[in-house]
2 protein chains.
Amino acid sequence: MFSMKLGIVGATGLVGQRFLKLLARLPASFEELRLFSRSQTSLFFNKKALHTQPLSSEGFKGLDICFFSAGADVSRKWAEEAVKRKAIVIDNSSAFREDPAIPLVVPEINSHLLQYKPQIIANPNCTTIQLVTALAPLQKSFQLKSVRVASLQSISGAGKKALDNLKEESRAILEGRENYEKDDLSAAFNCVPYIGAINDEGFCEEEEKIMTESKKILELPDLKISAFTLRVPTLNSHGLVVWLTFHNPPTSLKDLKEALSKAPLIKIQEEGKPPPHGRQTSGRDSVFVGRIRKDPVEENGWILWIVADNLLKGASLNGLQIAEKLITLKREGVHG
Amino acid sequence: MFSMKLGIVGATGLVGQRFLKLLARLPASFEELRLFSRSQTSLFFNKKALHTQPLSSEGFKGLDICFFSAGADVSRKWAEEAVKRKAIVIDNSSAFREDPAIPLVVPEINSHLLQYKPQIIANPNCTTIQLVTALAPLQKSFQLKSVRVASLQSISGAGKKALDNLKEESRAILEGRENYEKDDLSAAFNCVPYIGAINDEGFCEEEEKIMTESKKILELPDLKISAFTLRVPTLNSHGLVVWLTFHNPPTSLKDLKEALSKAPLIKIQEEGKPPPHGRQTSGRDSVFVGRIRKDPVEENGWILWIVADNLLKGASLNGLQIAEKLITLKREGVHG
């Protein structure tokens, strides 16, 4: 088996921990697994305790691949340091996603970009990954004309602290001891209708990410797309309500389902079964699609529901798939 | 002051109780306030305890107006009995909404229908009321071409028992003692992507209601409209993500806001303030509109967020407004 040295920056975070857990799936043994986190602690991999270390330039020395999931600021500061020491960086933050020189990769869609030996590979935004995983096979078969998406995003997407806060605030509400003002924006039993700062066109950061990143990944710079993102009081998994139109629309529901089912990670709602929902998809690899129907608004329009674990396919699993590809290319002598 | 006899069927329900509380606003004194509920209990109005009674045909005798909010089955069985005894019925259930002979009324839009002396007046679906309250002034100014709406509906819309269940299930999850299967459909920390049975076209009951009722209220039988409804883990207030296109679109955001602000119950997000959210709107009369922006998908398209208390303007307050109009007409000798 191929042996390698691998690092995780932000190893104690929700995504970092999922990534660590997934590593057992890689077609490689680990000569070393180096974990970085702000506060030093121990984490388990294959029943072995691993101590985390603080970030330092020298800390990256000798690593083959380093997965970053500690926010854009950390990536902007440290990714170059890792690259200088010959590690390939898979970055889960937004730091490099819009950089035209850095590939934004969802492996089942554009893993060919890894052949160009990038030193940094950007892992897309969680909602974007779920969306394009379902859109890519539809684009291939029917050519997308427009995409309108409303995303209902769980608290785990905002990180561990936000998740703990939500639980505490929810407890407070249930026990009648909440101590905020009615106007306070909190997602405890409440939907917050934006994520991140709002730009001059009225779109918030998360919406911009979805629109920009989807175009880049699908290689459709002129795609008509608009997004509306909300933080909702669910613990994990993001759900997306999507309206689509096509240039060469499917002639039937069967047609559309057949195209969708070609994508490896897609699971389509079975006939007569209830639609997939977040709790059900949490902890599962697949991107679930359901409630597929024609849109009475437009002749060539369709409506669907996409739901997936934002920490898995939406983040760590996609990162792992990128690492898998890199390892395969390394073994074949193409990369590294 | 005008004096009258008024009844409430389903007086102990979430909507019934809100309606009772709102009665103090009516421009009438009450010779009698008769409350009906399945199990007998006492409710307070103006600090006076009123005993509820079971439904009976004779129980409606002498009532001027009777508000029904005990579900479609109760309305189908008892509304005619009330009408036979000369009471005007304001029905909050779905029983008569699609009946072409029965007016479906949002007073600021179509209160003129009350002049035709209907014996039953249907109060629209909660989400529909919020939606059309914002759409009506836009229709007037810019003529709607298409409407796509995703609604995030709170548990209070499913009634008291559902609300209690949600709280109990949420407690169980927070305390780690949940005892359902992962696939179980529950809205506790989970978004359920449909409400009611799904028809052959793939739309659930709640979506059908929104599409059918909006056309009827706006008197736009050919309006292109599609809805996606979800039950979300919020306690109260429904939120709507809406994509619109117009025949004669507004030329600017200011233009659109000006048209919207003509509707009496609309409150528009103020410049520089965060968008309105459910917790904030809960307990308030208004329908709040925010996040208004141009839709990059379509030249004449706009996106907005509508949020309101589904038990108030979405149900009891709209019913009260109908009662107000009826009382005014009665005083003027037009009705009854």
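Over which ring does the charged end of A:Arg293 sit? I looked it up, bearing in mind that this is a predicted model. The ring is that of B:Phe203, and the charged end of A:Arg293 is 4.6 Å from its centre.

**Entry: another arginine and a ring.** I turned to A:Arg291 next. I found A:Arg291 over the face of B:Phe228, with 5.0 Å to the ring centre.

**Entry: aromatic pairs.** I searched the whole structure and got 16 aromatic pairs over all chains. I then picked out A:Phe60 and A:Trp78: their ring centres are 6.4 Å apart and their planes stand at 50°, so I noted the pair as tilted. For that label I needed the cut-offs: stacked is under 30 degrees, edge-to-face is over 60, and the rest is tilted.

Where do the two partners lie in chain A? I placed A:Phe60 in the loop between β4 (48-53) and β5 (65-68), and A:Trp78 in helix α2 (residues 72-84). The pair therefore ties together parts that are 18 residues apart in sequence. I also checked accessibility: A:Phe60 is buried, at a relative accessible area of 0%, and A:Trp78 is buried too, at 16%, because the limit for buried is under 20%.

In chain B I looked at B:Phe60 and B:Phe68, which form a stacked aromatic pair, 5.8 Å centre to centre with 20° between the planes. Both B:Phe60 and B:Phe68 are buried.

**Entry: two packed helices.** I took α4 (residues 126-142) and α9 (residues 312-331), both of chain A, and read off an angle of about 90° with the axes 8 Å apart. I therefore call α4(A) and α9(A) roughly perpendicular to each other. Which residues meet there? From α4(A) I listed A:Cys126, A:Ile129 and A:Thr133, and from α9(A) A:Lys313, A:Gly314, A:Ala315 and A:Asn318. Sorted by class, this contact has 3 nonpolar, 3 polar and 1 charged residues.

**Entry: a serine in chain B.** I finished with B:Ser170, which lies in helix α5 (residues 160-174) of chain B. Is B:Ser170 buried or exposed? Its relative accessibility came out at 0%, so I put B:Ser170 down as buried. Leaving aside neighbours within four places in sequence, I found B:Ser170 in contact with A:Leu174 and A:Phe189 of chain A, and with B:Ala188 and B:Phe189 of chain B.

Key:
Residues are numbered from 1 along each chain as its sequence is written. Chains are lettered from A and ligands numbered from 1 in the order in which they are written. This is a predicted model: local features need pLDDT of at least 70, side-chain atom pairs count only at pLDDT 80 or more; totals for chains, interfaces and linings use all residues. Side-chain values use heavy atoms; hydrogens and water are left out. Helices (H or I, at least four residues) and strands (E, at least two) are DSSP runs, numbered from the N terminus. Buried means under 20% relative accessible area, exposed over 50%, partly exposed in between (1.4 Å probe, protein chains only). Contact means heavy atoms within 4.5 Å. Axes are lines fitted to C-alpha atoms, for helices over the stretch in contact, and angles run from 0 to 180 degrees between N-to-C directions. Angles under 35 degrees count as roughly parallel, over 145 as roughly antiparallel, 65 to 115 as roughly perpendicular and the rest as oblique. Ala, Val, Leu, Ile, Met, Phe, Trp, Tyr, Cys and Pro count as nonpolar, Asp, Glu, Lys and Arg as charged, and the others, Gly among them, as polar. Rings of Phe, Tyr and Trp (its six-membered ring) pair if their centres lie within 6.5 Å; planes under 30 degrees apart count as stacked, over 60 as edge-to-face and the rest as tilted. A charge sits over a ring if NZ of Lys or CZ of Arg is within 6 Å of the ring centre and within 35 degrees of the ring normal.
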